Amino acid sequence: IEEGYASAMKWVEGNAEGLPFSDDSFDAYTVAFGIRNVSDMEKALREAHRVLVPGGRFFCLEFSHVKNPILQRLYETYSFEVIPILGEIIAQDRAAYQYLVDSIAAFPNQERFAETIRRAGFKAVEWENLSGGIAAIHSAYKLVDSTTDMSVQNQERRQVLSPVAN
């Protein structure tokens, strides 16, 4: 962390499905490899939308679905045949690594996750596949409507919420 930024950071432990922040509090909301681990993903996404300021941006980096059939078969074999064995050998915890691959497989594909984000109120939803779709970065905006006070967007704000999955 660059000098000066660490002192400005505040760590808060909370539940992504019931964030301890006021409405319209953050310019950006980022989550990486954690949204698939919440109990109610739609509720967590609605909370992300609630705490973003009008014009705020949502980013989610998450494992996704490979589109290329050859790469998909290789990735699936590696995930289900190799990763749990490595977890058992290295961490002595096969179950945790089996959960990892099962949760990745159960996560919605890019199109379905984008629709879930839209249902939470976000607009301009898009995604970029990484490594052939093994992971994807979804992004979206909390856009304002004609009745929203735009003055909140003109304030000098630099607040970002980045939940950390445990």
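These are my notebook entries on a predicted model of one protein chain.

**Entry 1: the layout**

I began with the whole chain. Its secondary structure comes to four helices and five strands. Reading from the N terminus, I get the order β-α-β-α-α-α-β-β-β. The chain has 166 residues, and 34% of them count as buried. I also looked up the contacts between residues at least 6 apart in sequence: 70% of these join residues at least 24 apart.

**Entry 2: strand pairing**

Next I went through the strands. β1 and β2 are parallel and share six bridges.

In β4, Y141 stands opposite K123. The hairpin of β3 and β4 has four residues between the strands, and S131 there takes a positive phi near 50°.

**Entry 3: the core**

Which residues touch the most other members of the largest nonpolar core? I found Y29, I35, L45, F58, F113, I117 and F122, out of 22 residues in that core. β1, α1, β2 and α4 each supply at least two residues. α1 gives the most, with five.

Leaving aside residues up to four places away in sequence, I35 touches M41, A44, L45, C60, E62, F107 and F113.

**Entry 4: aromatic rings**

I then searched the whole structure for aromatic pairs and got five. I took F58 and F122 as my example: the ring centres are 5.1 Å apart and the planes sit at 35°, so I logged the pair as tilted. The cut-offs behind that call are under 30 degrees for stacked and over 60 for edge-to-face.

Where do the two residues sit? F58 is in strand β2 (residues 52-63), while F122 is in the loop between α4 (110-119) and β3 (123-130), so the pair ties together parts that are 64 residues apart in sequence. F58 is buried at 0% relative accessible area, and F122 is buried at 1%. Ring pairs also bring in Y29, which makes a cluster of Y29, F58 and F122. Those three names were already on my core list.

**Entry 5: positive phi away from glycine**

Q92 has a positive phi of about 50° and is not a glycine. I located Q92 in the loop between α2 (69-91) and α3 (94-106). Buried or exposed? Q92 counts as exposed, because its relative accessibility is 64% and the cut-off is over 50%.

A124 is not a glycine either, and has a positive phi of about 50°. A124 sits in strand β3. At 47% relative accessibility I put A124 down as partly exposed.

Definitions and conventions
Residues are numbered from 1 along each chain as its sequence is written. This is a predicted model: local features need pLDDT of at least 70, side-chain atom pairs count only at pLDDT 80 or more; totals for chains, interfaces and linings use all residues. Side-chain values use heavy atoms; hydrogens and water are left out. Rings of Phe, Tyr and Trp (its six-membered ring) pair if their centres lie within 6.5 Å; planes under 30 degrees apart count as stacked, over 60 as edge-to-face and the rest as tilted. Buried means under 20% relative accessible area, exposed over 50%, partly exposed in between (1.4 Å probe, protein chains only). Two strands pair if DSSP finds at least two bridges between them. A nonpolar core is a set of buried Ala, Val, Leu, Ile, Met, Phe, Trp, Tyr and Cys residues joined through side-chain atoms within 4.5 Å. Contact means heavy atoms within 4.5 Å.
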